[in-house]
Amino acid sequence: MKWLFFTAAAVLAFFAAEKLFTLLLTNRIIMKKRLESIYEIDSEDNRPRKNNAREARLQRLSFLRISGKMRETVVLSGLDIRPEEFVLYWFMGAFIATLLTFTFTTDYVQTIAVMVIAISAPPIYIRIKVNQNRSLFQVQLGDALMILSNALRAGFSFQQALSSAAKVLPYPIGKEFNIVSKEIQIGMDIEDSLNAVSERMENEDIKLLATAVVIQQKVGGNLAEIMDTLSNTIRERLSVARNIKTLTAQGRMSGIVVGGIPIFSLLALSVVNPSYMIPLFETGLGRALLFVGVVMQLIAFFIIRKMIDIRL
């Protein structure tokens with residue numbers, strides 16, 4: 001009954017804390033709604049998200065001081081969650097996981113291990129999603145430039161072509177082009193807006209596009225032809241990247257095998273002969289050796305990953 005009581009107390013504490021934030025915090029009027037409508041766009045159809053109840057709750061969470069880097073990372077992840085919500089659920093989840101672990105095990109080592117995992121897992125997941133979106137952006141860029149090129153040949157201006165392409169392109173490139181289009185509409189310089197996309201997506205090709213657009217506006221030239229050339233260059237680079245990925249497949253598989261064998265051996269021995277593995281988990285020396293093994297595995301993983309990470 002004791003563990004049931006603590007479980008119920010942890011769940012009630014979570015909902016009580018969120019309710020407390022809702023009741024005690026005053027609503028704050030945020031004087032940035034026009035700019036927020038530019039950046040906070042639904043990932044499915046590029047339409048601004050409208051949810052009055054959710055907006056009111058988020059305004060009550062505005063007391064959370066979130067760094068610009070964290071806010072940008074959560075937005076770039078593409079998840080349907082605001083930075084304030086992410087931080088709230090992150091720390092509340094870590095607190096509940098730690099409390100439940102200590103309630104069931106009363107072991108300080110396991111509790112600390114679960115706490116570290118619960119605190120570090122959400123940022124790692126967000127970072128993985130951001131990297132996936134950036135890779136997808138790179139893949140989509142070649143086709144997007146081709147669409148822009150065709151629109152320019154049809155007589156559109158660059159801003160009109162960008163706005164038209166943003167409506168038909170998928171996430172994430174459609175969202176980024178929509179942001180650029182709206183920033184240009186409110187008076188932001190085209191080069192600055194495209195360079196901001198380049199920094200968010202860590203993509204140097206967007207800087208080339210920005211330079212081409214600025215030069216064309218100042219001295220003239222065939223911007224559509226420049227975009228065709230840039231699109232072909234991106235396609236060829238992606239082809240080379242796929243060939244490199246094929247050639248380095250053996251190295252990636254070696255990393256998976258090297259990292260998986262100790263884990264598989266540990267699980268197999270724990271099932272076949274549990275008493276043989278007890279000293280590894282219940283003695284100080286065994287836990288120390290287990291910790292050193294995990295650290296060495298992580299070091300080996302990152303070394304192998306660095307060896308096969310060839311940047312073009």
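Student: Which residue forms a salt bridge with R237?
Tutor: D205 does, with its closest N and O atoms 2.8 Å apart. The term asks for a side-chain nitrogen of Lys or Arg within 4 Å of a carboxyl oxygen of Asp or Glu, so 2.8 Å qualifies. The model is predicted: local features need pLDDT of at least 70, side-chain atom pairs count only at pLDDT 80 or more, and totals for chains, interfaces and linings use all residues. Numbering runs from 1 along each chain as its sequence is written, and side-chain values use heavy atoms, without hydrogens or water.

Student: Why does the pair of D205 and R237 tie together parts of the sequence?
Tutor: D205 sits in helix α10 (residues 204-219) and R237 in helix α11, so parts 32 residues apart in sequence are joined. Helices here are DSSP runs of H or I with at least four residues (strands: E, at least two), numbered from the N terminus.

Student: Why does D205 count as buried?
Tutor: Its relative accessibility is 6%. Buried means under 20% relative accessible area, exposed over 50%, and partly exposed in between (1.4 Å probe, protein chains only). So D205 is buried, while R237, at 27%, is partly exposed.

Student: How many salt bridges does the structure hold?
Tutor: Six. Among them is D143 with R235, at 2.7 Å from N to O. That pair links distant parts of the chain, 92 residues apart: D143 in helix α6 (residues 108-153) and R235 in helix α11 (residues 223-247). D143 is partly exposed at 40%, and R235 is partly exposed at 36%.

Student: Which residue forms a salt bridge with E176?
Tutor: R200, again with the closest N and O atoms 2.7 Å apart. E176 lies in helix α8 (residues 173-185) and R200 in helix α9 (residues 190-201), so parts 24 residues apart in sequence are tied together. Both E176 and R200 are buried.

Student: What makes S231 count as buried?
Tutor: S231 has 0% relative accessibility, so it is buried. This residue lies in helix α11. Beyond its neighbours within four places in sequence, S231 is in contact (heavy atoms within 4.5 Å) with G142, L145 and M146.

Student: Why do the buried residues of α7 line one face of the helix?
Tutor: The buried residues of α7 (residues 158-168) are F158, A161, L162, A165 and A166. Seen down the axis, they fall within an arc of 135 degrees, so they line one face. The arc uses directions from the helix axis to the C-beta atoms. They pack against α6, α8, α9, α10 and α11. The face turned away carries exposed K167 and V168.

Student: Why is V292 called partly exposed?
Tutor: V292 has 41% relative accessibility, so it counts as partly exposed. V292 lies in helix α14 (residues 284-308).
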